[in-house]
Amino acid sequence: MKYPDVQNYINGKFEPSNASRMDVICPTDGTIISTLPMSGKTDLDKAVQAAEAAFPAWSAKTLKERVQVFYKYRQLLDQHREELSTIVMEENGKTMGESVAEVDKSIELTEFACSLPQMVQGEIMEVSRGVECRVDRKPLGVVASISPFNFPNMVPHWTLPNALALGNCVILKPSEIVPISATRMAELLKEAGLPDGVFNVVNGGREIVEEICDHPGIKAVSFVGSTKIAKVVYKRACSNLKRCVALGGAKNHLIVLPDANVEMTASNVAASMSGCAGQRCMASSAMVGVGKVDHIIEKLCEEARKIIPGENLGSVISQAAKERIERYITEAEQAGAKVLVDGRNATVAGKDGGFYVGPTVIDFVSPDMAIAKEEVFGPVISIMRAKTLDEAMKIENSSNYGNAAGVFTQSGGWAREVMEKASAGMIGVNIGVPVPREPFSFGGWNESKFGTSDITGKSSIEFWTQLKKTSTKWNPEAQINWMS
Ligand code: NAD
């Protein structure tokens, strides 16, 4: 096998587990590249014990001391950029360029953690003569982070650097489909000087996620994945009185107006729907063309035809995903939609076992079709037609999801209307994938996110800390505090 068997990482060491093992498949050719343990309660108990033991010393360090580890870690990510990107490419199936961009984003997320001392200063005020109130941000304790398959390196970095730098001890549960990246993260964090037990990795699937939600030693759970599982995790973690933020799936709409810049719109829409083979929660899989936009759709098809599986388009994650995506396309076609660019039955020479779907553009999709409402998670864009911007906004607003929405136009007024009326947490104006860059936070609305704070940026500081409010009086002659 290309990679050694994946092990859990507990208390600074790779730990064998008695759990059954599952294969890790490289989706570009279908070969088995490793295996991982489908861990259970015993493995989690060990990880929580290690994290609990490490917490007092780690949380007692100052924030400035803790971020020193992340300055070093950031350097290590940079030094190992190519190796880490290769792992992402091989376990996830995205292209090398996309994998490098993913690792670069992890570096940016780590840089944000290094800047936390500049943002987290607490507050202090003399509230009565000689009486001071101060507010400090304190870590929660042992916390967990559960991640999906589509960004094996970046999504764990949404949570790890911030949660750790803010003084928590973390248990990461990577997606069982792509567990190899997390193994290298653990090694590099140790090399950067993170003390043993502060960061632990427990591998597995449903069973270990349920154990995390139930474990009394875990104070907070962050989850990124599909809406179906986000709901399960959010309800279960909250019912066990834990803090939880659970990010779910998406159906992101791009509204295209007739005055939009043709080249920019076509290339952005094509990149948004097909980047990472459409397996991004920020991918646009629905476009609403308002009025006369045929010239833009024509250009979009031209752009889509330049996207070649195995060259500038990676594979989807599994045979089941390929079949699901192709089923959506076929059902839409049977219901009357017009397939303008057809990515079904894509093959790549020399990669017979790979799971490829080509770029697909479907026009005249109606808002009630499954492909218009559900998350397809493949390189497919469904175009709906609207006569007015109002009508387009009604289509966007009717989605159960609400991760991102965007508009392509040269009119400030129309752009403003979409910014105001879209029911989504992240909005793009002439941008196909409006991921907020650090220090802005990432998180959707509606069924794309459950919980109050976002998962990255400034908002995540709220999630990973709790406020301690202290009132002090040292001088006996000071005025009486009005409450005493
Ligand atoms: P998934 O929901 O299948 O899996 C996510 C995690 O949940 C994995 O770690 C998995 O082991 C675990 N899991 C799976 N089934 C479970 C069950 N029955 N009970 C408990 N835990 C379970 O998601 P995925 O297929 O790995 O990832 C793709 C999904 O993630 C898409 O819907 C995508 O939109 C979403 N996603 C969302 C964001 C966001 O920011 N909103 C970001 C990335 C991915």
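This is a predicted model: local features need pLDDT of at least 70, side-chain atom pairs count only at pLDDT 80 or more; totals for chains, interfaces and linings use all residues.

Residues are numbered from 1 along each chain as its sequence is written, and side-chain values use heavy atoms, with hydrogens and water left out.

**Exercise 1.** Describe the largest pocket and work out where it lies.

Step 1: A pocket is an open set of points on a 1 Å grid over the protein atoms alone, where a 1.4 Å probe fits, with protein on both sides within 12 Å along at least five of seven lines; lining residues have an atom within 4 Å of a point.

Step 2: look at the volume, the space filled by probe spheres set on the points, with points joined across faces, edges and corners. For the largest pocket that's about 970 Å³.

Step 3: check the lining. There are 37 residues, with Phe149, Phe223, Gly225, Ser226 and Ile229 nearest the centre.

Step 4: Domain 1 (8-248 + 452-469) and domain 2 (252-429) both give residues to the lining, so the largest pocket lies between them. These bounds come from an automatic or database domain assignment.

**Exercise 2.** Now do likewise for the second largest pocket.

Step 1: its volume is about 440 Å³.

Step 2: 18 residues line the second largest pocket, and Lys105, Phe151, Met154, Arg280 and Val435 are the closest to its centre.

Step 3: domain 1 and domain 2 both contribute lining residues here too, so the second largest pocket lies between them.
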